[in-house]
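Dear colleague,

I am passing on the structure below, followed by some notes on what was found in it. Please look through the model first and then read the notes beside it.

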Amino acid sequence: MGEHKEEMRDVTFRVLRFNPQVDNKPYFDDYTIPVEKGITVLRALNYIKEQVDPTVSFRAFCQAGICGSCGMRINGISKLACTTQVWDELEKCKVPDVIKVEPLRNMPHIKDLIVDMDPMVDKMKKYSNWVESTMPESKMGEKEFLISEEEFKEYDKSTDCILCASCMSECSILRANKEYVAPAILLKSHRMNVDSRDGIHDKRMAELVKDHGVWDCTHCYRCQETCVKSIPIMDAIHGIREEAIAERGVRDTSGARHAEAFMEDIAKKGKLVEATLPVRTNGLGWTLKNLLPMAFKMVMKRRTPPPPPLVKASKGIRKFREEFNEMTSRVKREQKDHKK
Amino acid sequence: MKPFDIVVVGGGGAGLYAAMEAMKTNPSLNIAVLSKIYPNRSHTSAAQGGANAALGNKAKDDTVDMHVFDTIKGSDYLADQDAAEVLCSEAPKIIRELDNIGTPWSRMDDNTIAQRPFGGAGRPRCCYCADKTGHTILQTLYEQCLRKGVFFFNEYFVLSLSTEGSRSKGLIAMNLRTGKVEAFRARTVIFATGGYAKMYWNRSSNAAGNSGDGQAIAYRAGIPLKDMEFVQFHPTGLRKSGLLVTEGARGEGGYLINTKGERFMNRYAPEKMELGPRDLVSRSIETEILEGRGFDSPAGQYINLDLTHLGADLIKSRLPQIREMSMYFEGVDPIEEPIPIRPTAHYSMGGIDTDIYGRTPMEGAYAAGEAACVSVHGANRLGGNSLLEILVFGRIAGHTAAEEAGRFEPGEISRSEIEAVEQELREYMKPSGHYERYGTLREELGVTLAANVGIFREASKIEKGIADIKGLKERFAHVRVFDTSDVFNTNLMQVLELRNMLDLAETVAAGAYAREESRGSHTRTDFPVRDDENWHKHTLCTYENGKAVLGEKPVTMGKYELQERTY
């Protein structure tokens, strides 16, 4: 008989507990169990539930990284428990051999490691996260659409999304504003927007540029960093913004005007002219009404940006601009040739 | 609550297609989907390969008839030929329909839907989206159901089917969020709850919740189950989790190695070696382990799948998913070390007895997908036909229920019936007389099924299995639910899933014991050949006075005569 001995170690799982029927606020329970090398955090939690404390509650289903049920925060980072090796986490523990397990953030807490996913589903509906086919229902099934490899590639990676909500848990905007559209929804929206079978692009776009929509993202890239399927979520967010400006013009929303003002400053000076930014984004009236009190406070604390005439262009910006323009036009040319 | 016209139980591919089609058939109907998980989590998402359809995009000479023949031959002639006809002739339409509503099928150079070859198919007709076909189909269907405004009751666990004589009145289900037991009066009910292969527990590739809830509920309500003994085993499951290592690993040149360092497949399939048919490779690995040439580990015995000789470059470029899985779930990098594997239960051919319209023998009750047995897979399912089945028959069941809902009046579900169910649930939480741990029972069920009603079966072993299941059922009466809270009681849910698995395990063992022949996935070492004279028929299992009672049903034949199944 071949012997195969595995490395074993005692590991403590510090699990956030909360039962709304009895607890006023969440607390942590420590479970120390023997763990064999090669075991995932989910299998460790299953062991705790089956052998130590059956009241520990969490969702899990496929256990193979495709259903997205077991999203949770492990040592502070949102990820899937089923694809996370205990041994890898041991290197990231703040307290040696203690792995902290908490529910996802930014969604209503139900119990222990379980959060309410309904807000995500509601947003899928709000932003029409589906293809509304250009083909009438009566004709369906008769023939297929012809779709180019290039088009398929545009949404191939986006369709990897398993709606595990890790990105939503890490999103810094959602943390401040629960009404914010959220990264996963933007990803799906863009995936639908670039699909030639879809006929409600304009309707979806009109919703995306409203308040709490695509312009609220601050480019912190946490969603993309944390995505368990390594999807470039920010590409989708930028994609929506570029389309919004291209199709709806920069005067359409304050977000678009804000982006345009940024571009203008960077192109001209290589740095921001902050003092006039609010006026250019939201107009004079809005600025006076909403920002004057804050401006006053800033003056009192000596935190005002330099007045516009004092913002000097960065050294070499002209040369940089020339090279940049040259480069962009070359890329565009090459893309055109490639498509041919 | 107002009565529903249709309640679909289960939100996977079959359930969502049924709901979508029912709304299309009659938009004025009041339709609900009940699912114990968010529908987008369903196990449909785990299907990687694809769905078969004779579109003729890749092989211009492919025909529906060839697909039908491959399906019937693959089934070892146990499939009903009228059902196989429906499956294959509807296939091209359903694949195009999914394309029309947004499924991202992979494409060929001429921009048509791509197709690839698959085991047991005479032509390359498997339509796919990279290696995430099931996932993208499930997403598409969920999106479309949201678009159409299908009413979802997410995280509801169905407990029983309420009946009156030979007709169904609706369902009793528990809201997991509140623990409340609620009645759903319904003119029609469609069971689409997926397979039951998780009863093999750690020897299964299935999701934790594939406990055959719909089949168990239907069975206890008196609806017969068909061909339950047929469970397909995949040769290469990971040792610790049972998760699948796809055939690609062997396709690229991986070796199967025993403790003596031998490529043992030369004894079983000297020409095809590791690439022999699935059932043969599974039986070979099992033989090596049974004869003492397997490796030992705390998680059980196993065989090595060695890829190290392929080199880091090939593994990284062609088998990235397999490498990722081995590292995630076994902590093993196949570039450095062999992958520990053993055969794993992964598909249930049997299920709720239905006709080709999705009707069960009970009025108002329908079933579709892996939960049902029409039967299109017979004794052995062909790769690429499972996704196809859930789509085709999900749609048909949705259509039939929508057409027929008007015929049935929703009966009343009495307060006392609901209270009886509530009482039953509370019983598990009582400390006195309740001390068994469900985790232990569940584990033991998997072990005895794998050993006695697994790949190799024989009368004495199955008798042992039946006795073990009986013993486990007696111990289950003393099982304790330690979590007494109403909110999201996963402890209670898992106990109820175990109850379903135990009831179904009895039907699997009963069918396996009765069927004295070897056919498709069912191998009896004491009856090693197919016996068409006595056993070319379906088994039916009915619940009578707490016992599994076996009956039979003829196979519907058509233009294809019985032949020996050779490849």
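Two strands are said to pair if DSSP finds at least two bridges between them, and helices (H or I, at least four residues) and strands (E, at least two) are DSSP runs, numbered from the N terminus. With that in mind, chain B holds an open sheet of 5 strands in the order β17-β15-β10-β20-β21, with mixed pairing. Its edge strands, each pairing on one side only, are β17 (372-373) and β21 (547-554) of chain B. Within this sheet, β10 (residues 225-226) and β15 (residues 351-353) of chain B pair in the antiparallel sense over 2 bridges, and L225(B) has I352(B) of β15(B) as its bridge partner.

A word on the source: this is a predicted model, in which local features need pLDDT of at least 70 and side-chain atom pairs count only at pLDDT 80 or more, while totals for chains, interfaces and linings use all residues. Residues are numbered from 1 along each chain as its sequence is written, and chains are lettered from A and ligands numbered from 1 in the order in which they are written.

Turning to the two chains, 61 residues of chain A are in contact with 58 residues of chain B, where contact means that the C-beta atoms, placed from the backbone, lie within 7 Å. On the side of chain A that touches chain B, α1 (41-52), β6 (109-111), α3 (118-126) and α4 (149-156) of chain A each supply at least two residues, and α4(A) gives the most, with 4 residues.

Helix α3 (residues 81-100) and helix α11 (residues 385-404) of chain B pack at an angle of about 90°, with their axes 9 Å apart; axes here are lines fitted to C-alpha atoms, for helices over the stretch in contact, and angles run from 0 to 180 degrees between N-to-C directions. The two helices, α3(B) and α11(B), are therefore roughly perpendicular to each other, a term that covers angles of 65 to 115 degrees. From α3(B) the contact takes V86(B), L87(B), E90(B), A91(B) and I94(B), and from α11(B) it takes L388(B), E389(B), L391(B), V392(B) and R395(B).

Finally, the domain assignment of chain B, whose bounds come from an automatic or database domain assignment, gives domain 1 (236-344) and domain 2 (415-525). The centres of these two domains of chain B, taken over C-alpha atoms, are separated by 30 Å, and their contact takes 5 residues from domain 1 and 4 residues from domain 2.

With best wishes

Methods: Parallel < 35°, antiparallel > 145°, perpendicular 65-115°, else oblique.
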